[in-house]
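Me: Could you take a close look at one helix for me, and then follow its surroundings? I'd enjoy a connected walk through it.

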Amino acid sequence: MPPRFLVFDLFHTLVDGADGERDRVVAEMAGMIGVDAGALLRAYHDTWDERLTHWSVEETIRILAGRLGATPSGEAVARAAARRRALARRVLDAVAPATLATLDALRACGSASPW
């Protein structure tokens, strides 16, 4: 029998998407890097594919700030990146116990693989 795979999306499926909190964090990041919060939020939403597949958090901040006419310092970029990573850690640390139990059950019956 060929290998079987089960694929899940992470945000809004296995963990909370935290959309409202993410938007608040992006607005805070805007203040840290010296750009308009609304403009950064729009740019953040408009570049989701590049952000998720090509750019690191720091690259995202530098690229979007540059597109919005700013050149933040390395310290400002690091502070903004730390704030974004803190949100990601909080969301990923808050996986519902039922979700983990379901994944464990699927793994135990051979329906999911960590590889």
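**A helix with two sides**

Reply: On helix H2, the face turned away from the buried side carries the exposed residues Arg 42 and Asp 46. Please keep in mind that this is a predicted model. H2 itself runs over residues 37–46, and its buried residues are Ala 39, Leu 40, Ala 43 and Tyr 44. What covers them includes H1, helix H3 (48–53), helix H4 (57–67) and H5. At the start of H2, a side-chain oxygen of Asp 36 comes to within 3.1 Å of the backbone nitrogen of Gly 38.

Now to one residue of a covering helix. Arg 22 belongs to H1, residues 19–33. With 16% relative accessibility, Arg 22 counts as buried, because the cut-off is under 20%. Beyond its neighbours within four places in sequence, Arg 22 touches Tyr 44, His 45, Arg 84 and Leu 87. Tyr 44 is also one of the buried residues of H2.

That leads on to H5, residues 74–93, whose axis lies 8 Å from that of H1, at an angle of about 170 degrees. H1 and H5 are therefore roughly antiparallel. The residues making this contact include Arg 22, Val 25 and Met 29 of H1, together with Ala 80, Arg 84 and Leu 87 of H5. By class, the H1–H5 contact has 7 nonpolar, no polar and 7 charged residues.

Conventions:
Residues are numbered from 1 along each chain as its sequence is written. This is a predicted model: local features need pLDDT of at least 70, side-chain atom pairs count only at pLDDT 80 or more; totals for chains, interfaces and linings use all residues. Side-chain values use heavy atoms; hydrogens and water are left out. Helices (H or I, at least four residues) and strands (E, at least two) are DSSP runs, numbered from the N terminus. Buried means under 20% relative accessible area, exposed over 50%, partly exposed in between (1.4 Å probe, protein chains only). Contact means heavy atoms within 4.5 Å. Axes are lines fitted to C-alpha atoms, for helices over the stretch in contact, and angles run from 0 to 180 degrees between N-to-C directions. Angles under 35 degrees count as roughly parallel, over 145 as roughly antiparallel, 65 to 115 as roughly perpendicular and the rest as oblique. Ala, Val, Leu, Ile, Met, Phe, Trp, Tyr, Cys and Pro count as nonpolar, Asp, Glu, Lys and Arg as charged, and the others, Gly among them, as polar. A polar contact is a pair of N or O atoms within 3.5 Å; within protein, one must be able to donate a hydrogen and the other to accept it, and residues adjacent in sequence count only if both atoms are side-chain atoms.
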